[in-house]
Amino acid sequence: MSDFKRLAFFDEDRLVGARWWQEHLAATVGRRDTLKTLAYLAVGLLGVGAAARLVQACAGSRSTTAAGGLTDDELNVTKDAIELQRVDGWDVGRAGDGLTWSPSSASGDVDARAPSADLVASLATDLAPEDPRYAPYFVPTLLQWPATLADAGRAEIVPMHSDEMDRAFAQGRALASLFHDLPKESAVIVDMPGPLAVAFAAGMAESFEPVLGFDNWPHPVGVVPSHLTLSALVYYAPLLKRLARARAVGEPPAFVLDASRLTAYTDAASQFDNRYLAKLPTAENLKSLGIKHVLYVTDGAYKELDDLNDDFVALAAAGLTPKLVDRGDFVEATGTDAQKIAIGDVDGGAPPNAGYTYAPRPLYYVPRYYYGGYPGTHFWFWHSYGWYSPSAYHSARAPSFVSPASSYAPAPRSTVFSGSSAGTGRTRPAGFGRVSVTTSRSTGHVTSTSYGGRSGSLGRAGSGGGGGYGGGPSG
Amino acid sequence: MKCTFFAMQAAIRDLSVRAQLHSLVAMAPSEQSLAEKRAFYSDMSSLLLPHIGDFVLGYWDYVDDPDRAEKEFDTWCAEIEKVVGAEVPDDEPAQGAYRSARGDHFLVSIAFLLQKGGTSDLTMAERCDFPEESYFKRSTFAYLLATAPMLSYATVRADALYVVPGSDEDALTIDELRGEGYEYLHPLT
């Protein structure tokens with residue numbers, strides 16, 4: 001579908017350039033006022049197709065305006081964000097606004113291929129756990145979103161790739177290497193900003209099965225930028241699929257969470273609250289999977305996020321005391337240690353001649369990362385974490401610096417998610433992940449929202465930049 | 001529909017990238033989808049950012065007054081486009097008005113008309129919020145260039161990209177860029 005039409009084009013000695021115009025932009029609906037205006041217009045002029053719902057939504061609302069600006073047919077309600085989006089559209093209240101993408105958007109995925117719309121639409125099935133034991137803990141909500149879009153909408157979802165994601169990927173590989181040849185009884189919880197969590201999990205995916213837990217949809221003014229998490233998944237999807245096929249049966253799980261899920265929500269007038277709580281297996285569930293140890297991986301945090309406190313205390317009480325590691329403790333090797341890099345060769349402890357490739361790149365460059373920064377300090381990890389003592393443990397030396405993460409132990413603390421009494425589990429605070437909207441009593445559909453217009457959050461008022469344009473090059 | 005306006009213009013002392021910009025504009029389809037539009041500006045940003053050290057003069061503006069925005073967009077575009085129709089003075093070389101044996105600069109300009117209050121406008125407003133002493137730093141121009149691929153083009157009403165001069169044989173001298181008609185350009189630090 002063409003959105004922009006070129007109105008002017010120059011390919012001359014003096015000037016190369018073009019000017020485009022997007023005509024149908026004026027038809028987008030999203031503001032409280034325009035929504036109602038369009039609905040009334042629809043009654044008189046359209047009456048069919050896309051306008052039908054608007055007509056229905058406001059058909060009974062023209063007669064009387066009640067107190068608070070509501071009509072007789074309108075009702076203020078608060079709904080779960082995801083339920084509202086599933087019924088009234090992912091961009092409800094800001095229809096047509098689109099999403100703000102990352103400057104790290106990439107033209108291709110990990111295989112340097114442009115992802116097809118079909119691939120993007122099938123993420124929820126393609127990235128589901130291979131091991132059926134993990135299926136109950138897979139949260140596909142975010143991955144289901146692209147399938148609800150038209151092809152043009154899916155084409156907007158592009159891969160995301162950044163240097164920091166590469167770093168997280170290599171750190172994930174380094175962490176996974178510590179578990180090679182050890183009993184498959186340790187679960188990892190990766191809890192970082194979405195794109196980094198995806199990259200880290202992809203780095204681990206040779207020997208840990210990623211179990212994704214992204215439980216929301218993006219929104220044009222959503223506080224959780226989950227579309228970037230999706231972009232990272234699109235980037236790594238071919239690799240994740242390839243490793244899933246190559247991975248041995250019975251590998252342990254890596255539960256993957258977006259730490260942005262609890263991003264501060266401050267302004268109902270300009271933000272859409274698409275926050276959510278993490279969903280993890282209980283201690284009983286983990287034990288039934290044969291899990292005896294839980295490792296929580298963060299991006300610089302030294303305690304679990306608030307919504308996991310009750311869960312982690314419960315795991316500790318059940319004998320599955322989670323330990324915590326900061327991904328920053330895995331440091332890129334330098335000097336001669338950094339030169340022995342080759343996929344399939346020894347890589348941060350990875351088994352030699354690993355039976356996979358990162359085709360079509362014959363040598364996918366992954367820098368070596370080690371716990372503490374050196375091969376000799378790598379297995380000191382087990383001195384700090386204590387679960388195992390593999391052979392390399394005995395020759396390891398202490399790193400000169402690692403974070404205090406290894407001293408973490410879960411302790412009950414009061415959070416907005418704390419259960420009202422011991423054993424009741426966490427609770428969702430009133431209003432969390434919920435959105436206040438005005439709906440039609442007769443149809444149930446949204447007629448207006450609080451966040452449909454600007455809230456005065458502009459960073460600058462009036463003209464910015466250099467204080468007024470003085471004309472073009474010849475002006 | 002109410003709009004806001006953003007535009008940026010920079011004089012670049014490195015002609016090597018101009019041919020690639022020329023190709024980018026010339027190869028762009030006359031009709032673009034939202035994804036193609038974002039890819040277009042991703043390519044532009046990728047081409048220019050490695051050359052940010054060669055940005056010598058520049059100007060940018062963000063106008064959130066809807067009564068001025070569309071007029072500003074039209075003015076920017078018209079002022080740049082009118083060089084095509086301008087008469088070549090008799091004493092100019094035949095190759096074009098900007099022909100100069102010593103010239104080694106060219107101008108690149110981008111302009112956007114954004115739906116006021118839309119996500120692109122919010123993004124642009126936030127990313128234009130610099131302290132005044134940073135307005136004309138190269139790092140500011142790099143930051144603004146990197147913003148173009150971030151925009152949601154569903155909320156972009158109009159856009160334009162220009163390269164002056166267009167010919168690979170022509171270039172502007174620094175004296176020309178510091179002279180009449182370009183007084184608004186600021187040295188970049």
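Predicted model: local features only at pLDDT ≥ 70, side-chain atom pairs only at ≥ 80, totals over all residues.
Author: Residues are numbered from 1 along each chain as written, chains are lettered from A in the order written, and side-chain values use heavy atoms, without hydrogens and water.

Reader: Why are H1(B) and H2(B) called roughly antiparallel?

Author: The axes of helix H1 (residues 18-27) and helix H2 (residues 34-48) of chain B cross at roughly 175 degrees. Angles over 145 count as roughly antiparallel, so H1(B) is roughly antiparallel to H2(B). Axes here are lines fitted to C-alpha atoms over the stretch in contact, with angles from 0 to 180 degrees between N-to-C directions; helices are DSSP runs (H or I, at least four residues).

Reader: What makes Asp181(A) count as exposed?

Author: Exposed means over 50% relative accessible area, buried under 20% and partly exposed in between (1.4 Å probe, protein chains only). Asp181(A) has 81%, so it counts as exposed. Asp181(A) also has a positive phi of about 65 degrees, although it is not a glycine.

Reader: Which residues have the most contacts inside the largest nonpolar core?

Author: They are Leu143(A), Leu175(A), Tyr236(A), Phe381(A) and Trp382(A), in a core of 93 residues. Helix H10 (residues 226-246) of chain A gives the most to this core, with eleven residues. A nonpolar core is a set of buried Ala, Val, Leu, Ile, Met, Phe, Trp, Tyr and Cys residues joined through side-chain atoms within 4.5 Å.

Terms used
Helix = DSSP H or I, 4+ residues; strand = E, 2+ residues; numbered from the N terminus. Parallel < 35°, antiparallel > 145°, perpendicular 65-115°, else oblique.
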